[in-house]
Amino acid sequence: MRKRMLLLPILLSLTACSFNPSSQNTIIDWVDFVKWNDTRYGANYEMNELEKDWETAGEVGEVQYMLDGHANAYHQSKNGDAAYLSKGTKLFAMKGYDPAFRIIADGKVYEVTESDTADTVGDFLDIRGKVQRVILQSEQDLSFIGEFSDEHAEQLIEELLFMPYEPDRRATEGKRVFFGIELVDGTMTRSLYWPETGYVNYGGVASQKIKDIFEAEMGEYGY
């Protein structure tokens with residue numbers, strides 16, 4: 001199976017870290033992530049702000065190395081690495097979800113941002129049968145703009161799950177369209193779509209059907 005990489009965090013294009021090489025004491029601001037089982041997970045800040053006790057469904061691993069305070073800016077992450085989780089922190093599956101999509105560590109939810117093994121987006125985006133609605137969101141503040149029709153929402157999810165995972169084809173020029181997929185448990189997974197290139201930030205290029213759906217919904221709400 002070919003190695004697949006580079007699905008960026010859903011809401012923001014965050015680098016792995018930022019630092020000032022000219023400073024005497026380099027300060028690194030890591031993105032809050034953990035890597036396990038050839039998958040990189042980023043903290044789902046929106047869910048974690050709810051401060052809920054998320055149910056777990058069994059241990060899947062543990063942190064072996066904490067980057068903050070130990071690694072330099074050129075560190076290449078590997079399985080067991082985490083930005084801010086201490087060595088020995090247990091990693092758990094989240095009840096109701098494949099751990100390829102979401103896991104829990106230190107009481108926080110982490111959601112997939114990169115996969116080294118996926119062939120399709122559906123290999124990690126565990127949302128089939130769990131979608132409540134799909135919405136368009138403002139680029140300025142992520143506020144609600146409009147809701148996809150039931151037909152378009154159903155078609156979009158099917159197309160996304162079969163979309164080849166090809167993050168090496170990432171092309172992010174032009175207008176950005178923010179959209180969210182609200183799940184039946186009240187949580188949401190968010191992404192971006194670039195109409196000019198057809199790239200979807202889950203890690204692939206949209207089919208013509210996906211492009212048509214977005215064009216219709218964007219037209220409906222003047223996006």
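Trainee: Which residues of α2 are buried?

Mentor: In α2, His152, Ala153, Leu156, Ile157, Leu160 and Leu161 are buried (under 20% relative accessible area, with exposed over 50% and partly exposed in between; 1.4 Å probe, protein chains only). They cover an arc of only 160° around the axis, taken from the directions from the helix axis to the C-beta atoms, which puts them on the same side of α2. This is a predicted model, in which local features need pLDDT of at least 70 and side-chain atom pairs pLDDT 80 or more, while totals for chains, interfaces and linings use all residues. Residues are numbered from 1 along each chain as its sequence is written, and side-chain values use heavy atoms, without hydrogens and water.

Trainee: How do you know that the length of α2 agrees with its number of residues?

Mentor: Helices (H or I, at least four residues) and strands (E, at least two) are DSSP runs, numbered from the N terminus. The expected span is 1.5 Å times one less than the number of residues; the 13 residues of α2 (150–162) should therefore span 18 Å, and the end C-alpha atoms are 19 Å apart, which agrees.

Trainee: Why is Glu111 called buried?

Mentor: Glu111 has 4% relative accessibility, so it counts as buried. Its strand, β8, is largely enclosed by the rest of the structure, because seven of its eight residues (108–115) are buried.

Trainee: What joins the side chains of Glu111 and Arg102?

Mentor: A polar contact of 2.9 Å joins them; the term requires N or O atoms within 3.5 Å, one able to donate a hydrogen and the other to accept it within protein, and residues adjacent in sequence count only if both atoms are side-chain atoms. Arg102 also stands opposite Glu111 in β8.

Definitions and conventions
Pairing = 2+ DSSP bridges.
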